[in-house]
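Hi,

Here is the structure I promised to pass on. Have a look at it first, and then read my notes below.

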Amino acid sequence: MAALRPLASFAYVLEQPFCFLVVGDWGTGGALQKRVANSMKTIAKASGARFVLSTGDNIYPSGVVSADDPQWKTKFENVYQGLGLPWWSILGNHDHRGNVDAQIAYTGTNKLWNMPGRTWSKQFDVSAVTKLTLVALDTTPIMQKAN
């Protein structure tokens, strides 16, 4: 069994060969988001995290209008500057209030942002024999039809 080692008084890092960060509901550009981002930098460095998985609601309150929307700078680039990890992202309901295709298009604008489509899968090599497959599903259209 993998051992836990203290990182700080608030977090522990599981010593394993494959680590990544998960965050959601993050895109406000506010002080709390910046505090979380600073903690992410510390944990990423200590754990050797390979990427960030963003679970949606990437830009509050209403997504973005284009791949060059100024919110990318104020709510993503400036906040996570120095983290240096690729992001694999899926859409949330707040993102649907804007142009969801702009978040997909931003993949071609910022080399750290990855959103290949509204739904996607990506396989990562954990070791020579072990693979991890992430499957990202945009469930907002399903939920909208159910209501």
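One term before we start: a residue is called buried when its relative accessible area is under 20%, exposed when that is over 50%, and partly exposed in between, using a 1.4 Å probe and protein chains only. Keep in mind that this is a predicted model, so local features need pLDDT of at least 70 and side-chain atom pairs count only at pLDDT 80 or more, while totals for chains, interfaces and linings use all residues. Residues are numbered from 1 along each chain as its sequence is written, and side-chain values use heavy atoms, with hydrogens and water left out.

The big picture: the chain has four helices and eight strands. (Both are DSSP runs, numbered from the N terminus: H or I with at least four residues for helices, E with at least two for strands.) Starting at the N terminus, the order is β-β-β-α-β-α-β-α-β-β-β-α. Of the 147 residues in the chain, 39% are buried.

Now to helix α1, residues 31-47, where you'll find Gln 33. Why do I call Gln 33 buried? Its relative accessibility is 5%, so it counts as buried. Contact here means heavy atoms within 4.5 Å. Leaving out neighbours within four places in sequence, Gln 33 is in contact with Trp 26, Gly 27, Thr 28, Lys 75, Val 79 and Tyr 80.

After α1 comes Gly 48, with a positive phi near 75°.

Last, the core. A nonpolar core is a set of buried Ala, Val, Leu, Ile, Met, Phe, Trp, Tyr and Cys residues joined through side-chain atoms within 4.5 Å. Which members of the largest one touch the most other members? Among its 32 residues, those are Tyr 80 and Trp 87. Helix α1 gives the most to this core, with three residues. Setting aside residues up to four places away in sequence, Tyr 80 touches Trp 26, Gln 33, Ala 37, Met 40, Lys 41, Lys 75 and Trp 87. In soluble globular proteins, nonpolar side chains tend to be buried together.

Cheers
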